[in-house]
Every structure is written in C-alpha cells, then in structure tokens.
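Subject: Structure handover

Hi,

Here is the structure I said I would pass on. Have a look at it first, then read my notes below.

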Amino acid sequence: MTRPTDDTTPIACARARRAIQEALDGPLEAASQAAVDGHVAGCEACREYRDGMLALSDALRAAPGLRFPDGALEEVWDRTVRAEPTPRRGLGRHWRGLAAAAVVAGVLVGLWAWVGPVTRPASGPSAEQLAELGMTHEEFDRALVEARLVLDLTGSAIKRTEHAALEQVLGGEVGPALRLLPIPNTGSKEPRRSGT
Amino acid sequence: MESVAFERRVQEHKDRVYSYAAWMLRDLEEARDVAQEALVRLWQHREKVEIPATRSWLLTTTHRLCIDRLRRRQKRPEVSEEEQLNPTPDEGPSPMRLAASSETGRAIADALDKLGRQDRAVVVMRELQGMAYDEIATALGLPLGTLKAKLHRARERLRRHLTAAGVTP
C-alpha cells in the first residue's frame with residue numbers, strides 16, 4: 001500500500017499534476033509513479049484531479065466522428081484515379097524493367113568465358129583510362145559484352161527515352177565503358193590490346 | 001498498382017480527414033471541400049508520401065487547408081472586428097454535436113467547441129486522432145514544450161467544462 005506523503009504544497013501539487021498528465025500519454029517510470037501515488041494518497045484535490053483526467057480520457061473516446069459522404073468520395077475518384085486511366089508510367093516502372101534487364105546481363109556474364117573476349121578496336125581505352133576506371137582489360141571487355149547483349153536483347157522493345165534510362169541504370173558498371181567508346185560490331189575473337 | 005494503393009489509403013483515412021475538418025470548420029460543406037482537396041493532394045504527392053506517414057501528412061494538409069478557409073472567412077467584410085479578434089462558433093449546434101450519439105459525446109463536442117482554434121487542433125490531433133507529439137508539433141509549427149503545455153491546459157479546460165456539464169467528476 002502506498003504511503004501518503006505529507007507534502008501538499010503548491011509546488012508538490014503542480015509537480016504531481018504534471019506527472020498525472022504525462023501518465024495519460026504513457027506509463028511513468030516506477031519512481032515517478034510511486035511519487036504520484038504517494039502524493040495523491042495524501043492530497044484530496046490532486047486525487048480529484050487525477051480522477052477527472054482519467055474520466056476525461058474515457059469521455060474523449062465517446063467523441064463523435066463523421067463518415068465521409070459517398071458522393072464526395074466519387075468526386076475524389078473523378079479528380080484522381082479516373083482522371084488518369086492509363087497507368088502512370090513513372091520512372092518506378094522503368095526501374096523494374098531495367099532491373100530485369102540487368103539480371104539478364106548478369107546471367108550472360110556467365111557465358112563470358114565460353115564466348116571469349118571481344119575484339120576491341122584500336123581506339124579502346126588506354127591503360128591510364130582503365131586505371132582511372134579501376135578496371136582491367138578483361139573487366140572492361142566483359143562490361144562491354146554485357147552492355148551490348150543487354151541493349152541488343154531489349155533494344156527492340158525499348159523506346160528511345162527508356163534506352164537512355166537503361167544506360168543510366170547500368171551506368172554503375174558499364175556506363176564508364178560506354179562513355180569511352182561506341183559499341184563496336186562483334187569482330188574477331190582475338191583480343192586486340194591498344195598500345196600502352 | 002498505384003491506383004489500388006491510393007484507393008486503399010483513401011478508404012483508411014477519409015473519415016478521419018473529414019472529421020478533423022468538421023471539428024475545425026464547424027461546417028460540413030466546407031469540411032467536405034477541404035477533405036476532398038486534401039485527398040486529391042495526396043494523389044498528386046503519392047510518390048513522395050510514404051504509406052506509414054499518410055495519416056500525419058493528411059492531417060497536416062487538412063489542418064493547413066482549414067486555416068486557409070478560416071482566414072478567408074475572417075476577411076469577409078460582414079465579419080465584425082470583434083469576431084475577427086475572437087472567432088466564435090457559428091450560431092446553433094455544431095455538426096459534431098449533432099453527430100454525437102450520447103450525452104457524453106454531445107458534452108465533448110460542446111467542450112471542444114469552446115476551446116480556441118489552436119487548442120482544439122491540438123486536442124483533436126492528440127486525443128482523437130492519436131498523432132504523436134512530434135507529428136503534431138510539425139503540423140502546427142509549435143515547439144514540443146509549448147505543444148505539451150497547450151495540451152495540458154486544454155485538457156484541464158475540457159475537464160472543467162465536462163464537470164460543469166455533469167459528465168465527469
């Protein structure tokens with residue numbers, strides 16, 4: 001049983017009432033709760049205050065709410081989803097399609113060893129450029145194959161603006177390669193290294 | 001699908017948005033207009049508003065739309081200077097009082113009507129809509145300490161009104 005305190009000074013009451021309000025928002029720490037309980041046990045005014053606050057919380061649950069009229073909801077649909085019957089072609093949809101293309105490219109990387117390195121034109125990146133990219137010749141060739149295969153596979157189905165977005169998506173891996181030189185035609189499988 | 005997700009959000013929050021606007025504007029027709037506008041804006045910003053933040057975003061937007069309406073009301077020439085300084089409820093029972101299904105509900109509606117506009121917003125957002133303190137502080141542009149102090153005083157005023165109405169001890 002909580003022992004009532006003798007302290008019913010205004011400061012003590014103010015402190016207790018503040019804690020009573022805070023308790024409406026969530027449990028108090030054990031020491032604070034014990035202090036409030038002790039004060040309330042010895043202070044009738046604060047006990048009534050606490051009971052009133054608890055009753056208020058209960059009463060607020062009875063506060064009325066309204067139902068949004070169906071007619072008003074129809075107007076909302078008319079101004080929103082019905083106003084744009086075609087699914088919005090946001091960049092989000094592009095990203096999903098391009099992610100699928102990237103997965104295809106990843107699978108095709110596994111064919112790299114079987115396909116062999118591609119022919120690189122004499123204008124290919126220098127060793128310095130590759131060093132800047134942090135890539136070896138083999139990694140560069142592989143990235144080039146990936147880019148070509150992905151673009152070839154999906155190019156016929158992708159419109160021009162989406163093609164540009166695809167390049168951006170893949171930019172993390174093959175973008176640097178694409179920027180350095182145009183996509184060459186597949187030539188001899190013998191690797192040609194540029195002079196270093 | 002985008003539209004399906006949006007429709008789900010609207011169904012979940014439409015009544016709370018409408019109710020909030022009605023509490024603030026005390027006029028069902030204006031509350032309907034504001035609620036519609038808030039939901040349309042959610043569609044316009046749907047890619048920026050994450051689903052868990054929908055309630056807070058909608059109530060904040062609704063609140064701001066309500067404030068705009070109230071300011072436009074106060075600028076009408078037929079509104080006296082006294083009313084501009086101390087806006088009073090329209091004559092007659094508020095729509096929320098009419099919507100109450102119990103004596104307690106009616107007493108709550110009357111007590112909330114007697115609060116100042118900002119105090120009413122704080123109480124409705126916290127006690128009726130369950131918003132967190134930081135969400136309310138952001139919505140109303142109040143520091144957290146000020147917000148808590150306002151809520152505490154508003155609760156005490158509500159308690160006094162309800163005690164006077166014989167609803168609470």
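Chain B has nine helices and zero strands (both are DSSP runs numbered from the N terminus, helices being H or I with at least four residues and strands E with at least two). From the N terminus on, its elements read α-α-α-α-α-α-α-α-α.

A word on the ground rules. This is a predicted model, in which local features need pLDDT of at least 70 and side-chain atom pairs count only at pLDDT 80 or more, while totals for chains, interfaces and linings use all residues. Residues are numbered from 1 along each chain as its sequence is written, chains are lettered from A and ligands numbered from 1 in the order in which they are written, and side-chain values use heavy atoms, with hydrogens and water left out.

Back to chain B. Of its 169 residues, 48% count as buried (buried is under 20% relative accessible area, exposed is over 50%, and partly exposed is in between, with a 1.4 Å probe and protein chains only). Chain B exposes about 8,500 Å², and carbon and sulfur atoms supply 47% of that (areas come from the Shrake-Rupley method with a 1.4 Å probe, and for residues only the protein chains shown count as cover). Taking contacts in chain B between residues at least 6 apart in sequence, 65% join residues at least 24 apart (a contact means heavy atoms within 4.5 Å).

Now for the place where the two chains meet. On the chain B side 41 residues are in contact with 33 residues of chain A. Together the chains bury about 3,400 Å², with 67% of it on carbon and sulfur atoms (buried area is the accessible area, 1.4 Å probe, that two parts lose on being put together, summed over both). The rule finds 12 residue pairs in polar contact across this interface, both residues at pLDDT 80 or more (a polar contact is a pair of N or O atoms within 3.5 Å; within protein, one must be able to donate a hydrogen and the other to accept it, and residues adjacent in sequence count only if both atoms are side-chain atoms).

Which helices of chain B supply at least two residues each of the side that touches chain A? They are α1 (2–25), α2 (28–44), α5 (95–99), α6 (103–114), α7 (117–128) and α9 (144–164). α1(B) gives the most, with 12 residues. By type, the residues on this side of chain B divide into 19 nonpolar, nine polar and 13 charged (Ala, Val, Leu, Ile, Met, Phe, Trp, Tyr, Cys and Pro count as nonpolar, Asp, Glu, Lys and Arg as charged, and the others, Gly among them, as polar).

One residue to look up here is Ile108(B), in helix α6 of chain B. Ile108(B) counts as buried because its relative accessibility is 0%. Leaving out residues up to four places away in sequence, Ile108(B) touches Ala59(A), Leu60(A), Ala63(A) and Leu162(B). Side chains of opposite charge can pair when their charged atoms come close. Over all chains the count comes to 21 salt bridges (a side-chain nitrogen of Lys or Arg within 4 Å of a carboxyl oxygen of Asp or Glu), and between chain B and chain A the count is four.

Asp25(A) forms a salt bridge with Arg155(B), the closest N and O atoms being 3.0 Å apart. Arg126(B) also forms a salt bridge with Asp25(A), at 3.1 Å between the closest N and O atoms. Arg126(B) lies in helix α7 of chain B and Asp25(A) in helix α1 (residues 10–25) of chain A, so this pair joins two chains. Arg126(B) counts as buried at 18% relative accessibility, and Asp25(A) as partly exposed at 27%.

Arg155(B) is found in helix α9 of chain B and, at 2% relative accessibility, counts as buried. Apart from residues up to four places away in sequence, Arg155(B) touches Gln21(A), Leu24(A), Asp25(A), Met53(A), Leu56(A), Glu127(B) and Tyr133(B).

Arg73(B) and Glu30(B) meet in a salt bridge (3.0 Å, N to O). Arg73(B) is in helix α3 (residues 54–74) and Glu30(B) in helix α2, so the pair ties together parts that are 43 residues apart in sequence. Both Arg73(B) and Glu30(B) are buried.

Arg69(B) forms a salt bridge with Asp33(B), with 3.7 Å between the closest N and O atoms. This pair also links helix α3 to helix α2 of chain B, 36 residues apart. Asp33(B) counts as partly exposed, at 31% relative accessibility. Elsewhere, salt bridges that share partners join Asp25(A), Arg126(B), Glu127(B) and Arg155(B) into one network.

Best wishes
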